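My entries follow in the order I made them.

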Amino acid sequence: MPSDDLRKRLRQWIEESQRVVAFTGAGISTESGIPDFRSPGGIWTKVKPIYFEEFLASEAARRESWRRKLADRTRGAEPNRGHFALTELFLRGRLSSVITQNIDGLHQAAGIPDDRVIELHGNGSYAKCLQCERRYELEPVLAEFRRTEQAPLCECGGLIKTATISFGQALPPAQMQRAEQEALACDLFLTLGSSLVVFPAAGYPLLAKQHGARLVILNREPTEMDGLADLVIHDEIGPTMSDVVPLA
Ligand code: NAD
């Protein structure tokens, strides 16, 4: 089907739906300059992830993790057309929530309220004590790390870590439960910029589809779940979404 017709169908399905849920992956943020994980040149082609166990067990791993955060040029990235199109859908009362695998906080930066963003993998724009859960803003922690080169410790003695979920760390049960409820309650489940290979996150599109929602996949490349979707658009998110949902 020509790309104009695909967009037209998506526009029409959004019009017809009562409750849209968006499910986003790293691909929605590439236009903001944040590389994804699996595209050529993506993050995993350059660095090895630090597992949660390693972070807990080794001061060297913790320092390496903070060194990477300090060197991360994507801190301060801004939301793009894809994020703003979803915000527009929310403001029109169509979008119930965004379930995101991203840790960049850009949906909130684009204006979606915090309580409507379900962060499955946490948030890398602030840090938390692993023991008492006190929140720390990133810049002061990074400034101290730059000065001392010691991995930061909380006043309670606990380890401070960015508020992300690392490999080997359990996903937050409350967020998973909310994501499941949203997947079950929606009538249109819109997946944007995810390769749909990381489980359990990638199970939500499946769940929504099994419970009767229309499943739409918008991704530059084919995904594992294209065969299950009602509509698949292989295109760029920013241009597609800004055309499908023009800003008011
Ligand atoms: P992924 O890298 O596996 O897949 C991203 C997909 O998006 C790819 O299939 C790619 O073809 C597509 N894509 C990239 N740019 C696009 C664009 N402009 N338009 C359309 N499609 C585009 O990402 P994923 O599925 O989210 O993988 C999961 C992991 O990546 C998660 O654990 C998440 O925490 C992590 N991650 C997050 C960020 C972020 O917060 N921005 C960045 C990198 C990785």
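This is a predicted model: local features need pLDDT of at least 70, side-chain atom pairs count only at pLDDT 80 or more; totals for chains, interfaces and linings use all residues.

**Entry 1: the antiparallel sheet**

I began with β4 and β6, which run antiparallel and are joined by 5 bridges. I take two strands as paired if DSSP finds at least two bridges between them. Helices (H or I, at least four residues) and strands (E, at least two) are DSSP runs, numbered from the N terminus. In this pair, Ala127 stands opposite Thr162 of β6.

Residues are numbered from 1 along each chain as its sequence is written, and side-chain values use heavy atoms, with hydrogens and water left out.

Next I wrote down the whole sheet. It is open, has 3 strands in the order β5-β4-β6, and pairs antiparallel. The edges are β5 (135–137) and β6; each has a single partner strand, so one side of each is left without a neighbour in the sheet. Neighbouring strands are turned by 45° against each other on average, direction ignored. For such angles, axes are lines fitted to C-alpha atoms, for helices over the stretch in contact, and angles run from 0 to 180 degrees between N-to-C directions.

Which helix packs on this sheet, touching β4 and β6? I found α3 (residues 59–71), whose direction makes about 60° with that of β6. Contact here means heavy atoms within 4.5 Å. I also found α6 lying across β4, β5 and β6, at about 70° to β5.

**Entry 2: the parallel sheet**

I turned to the open sheet of 6 strands. Its order is β3-β2-β1-β7-β8-β9, and its pairing is parallel. Here β3 and β9 (231–233) stand at the edges with a single partner strand each, so one side of each is left without a neighbour in the sheet.

I checked one pair. Strands β1 (residues 20–24) and β7 (residues 188–192) run parallel and are joined by 5 bridges. Val21 stands opposite Phe189 in β7. Helix α4 (residues 81–91) packs on the sheet and touches β1, β2 (95–100) and β7. Its direction makes about 145° with that of β2.

**Entry 3: loops and backbone**

Where is Pro200? I located Pro200 in the loop between β7 and α8 (203–210). A cis peptide bond joins Phe199 and Pro200, with omega of about 5°.

I then looked at Glu149, in the loop between α6 (138–148) and β6. Its phi is near 60°, a positive value in a residue other than glycine.

Gln169 sits in the loop between β6 and α7 (173–185). Not counting residues up to four places away in sequence, Gln169 touches Phe52, Leu130, Lys161 and Thr164.

**Entry 4: the second largest pocket**

I read off about 500 Å³ of space for the second largest pocket. Elements giving two or more residues to the lining are β3 (117–119), β4 (122–129) and β6 (160–164). β4 gives the most, with 5 residues.

I kept the cut-offs. A pocket is an open set of points on a 1 Å grid over the protein atoms alone, where a 1.4 Å probe fits, with protein on both sides within 12 Å along at least five of seven lines; lining residues have an atom within 4 Å of a point. Grid points are joined across faces, edges and corners, and a volume is the space filled by probe spheres set on the points.

**Entry 5: the whole chain**

The C-alpha trace spans about 55 × 35 × 30 Å along its principal axes.
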